[in-house]
Amino acid sequence: MADKTENQTPDNVVVVGLGRFGGSVAESLVNLGHEVLGIDSDPRIVQDWSDRLTHVVEADATDTDALRQLGVQEFSRAVVGIGTNLETSVLTVLTLSEVGVGEIWAKATSVKHGQILSRVGARHVVYPETEMGARVAHLITGRMLDYIEFDDGFAIAKVRAPQEALGRSLTEIGLRSKWGVTVVGIKMPGQEFTYARPETVVPDGCLLIVAGDTSKVEKFAGVTK
């Protein structure tokens, strides 16, 4: 018997719930060249997205038969953007899992919500409000120009180069030994991103992309100009 995944199309994605989060994900996927099947139970939302996605249908995503009729079982990935209705969110993930979608990303509004989603079939749980709140707080209170924190206490930030680094190579500065952070790359205004090497000299006016433990990245950002 052939493996079911052989008939699935990895570049196609089902997005259930076309609100702010789901709609943004769906539109971004289309812009990246993926075919997207959008599903929502609200006819007004379906109409609004009808000319922006590959396919958009009005359907109850908690109905196994409805999903099978739409061919959702042929998709290897799905995104569940439902957040306000916990029951519908959980049942949708469960139904997608039952029809054979292997990789399910789901939006959660709380830790308990996320735990339930994981137990019924979500492989990836996203907390957009919490993650965005933490990111904005770092940008407001620190000197970071951009910031991403991962679950394991690891962060990547875009910061201005500190005064002590200007005109010196990364080896001379020794940021890893002094601050515990690694410079991933350097970006000058109007120029392409450059991957950092030990001999790379830090020019005035550049931005540094640094990575490391969250606390160390935050401390380093505090000394940037």
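A surface patch here is made of residues with over 30% relative accessible area and no salt bridge, with like charges joined within 9 Å and nonpolar side chains (Val, Leu, Ile, Met, Phe, Trp, Tyr) joined within 5 Å. A salt bridge is a side-chain nitrogen of Lys or Arg within 4 Å of a carboxyl oxygen of Asp or Glu. Accessible areas come from the Shrake-Rupley method with a 1.4 Å probe, and for residues only the protein chains shown count as cover.

This is a predicted model, in which local features need pLDDT of at least 70 and side-chain atom pairs count only at pLDDT 80 or more, while totals for chains, interfaces and linings use all residues. Residues are numbered from 1 along each chain as its sequence is written, and side-chain values use heavy atoms, leaving out hydrogens and water.

Begin with the whole protein. It has nine helices and eleven strands, taken as DSSP runs numbered from the N terminus (helices H or I, at least four residues; strands E, at least two). The accessible surface comes to about 12600 Å², and 52% of that belongs to carbon and sulfur atoms. Of the 225 residues, 39% are buried (under 20% relative accessible area; exposed is over 50%, partly exposed in between; 1.4 Å probe, protein chains only).

Next, select Ile148, Phe150 and Phe154, which make a nonpolar surface patch of about 260 Å². Ile148 lies in strand β7 and counts as partly exposed because its relative accessibility is 48%.

Now show the sheet around β7. Five strands form an open antiparallel sheet in the order β7-β8-β11-β9-β10, where pairing takes at least two DSSP bridges between two strands. Its edge strands are β7 (146–149) and β10 (194–195), each pairing on one side only. Four bridges join β7 to β8 (residues 154–160); Glu149 has Ala155 in β8 as its bridge partner. Helix α9 (residues 214–221) packs on this sheet and touches β7, β8, β9 (181–187) and β11 (207–213). A contact means heavy atoms within 4.5 Å.

Move to Phe21 in helix α1 (residues 20–31). Not counting residues up to four places away in sequence, Phe21 touches Val79, Gly81, Lys107, Val126 and Pro128.

Finish at Thr95 in helix α4 (residues 86–99). Is Thr95 buried or exposed? Thr95 counts as buried because its relative accessibility is 4%.

Conventions. Axes fitted to C-alpha atoms, helices over the stretch in contact; angles between N-to-C directions.
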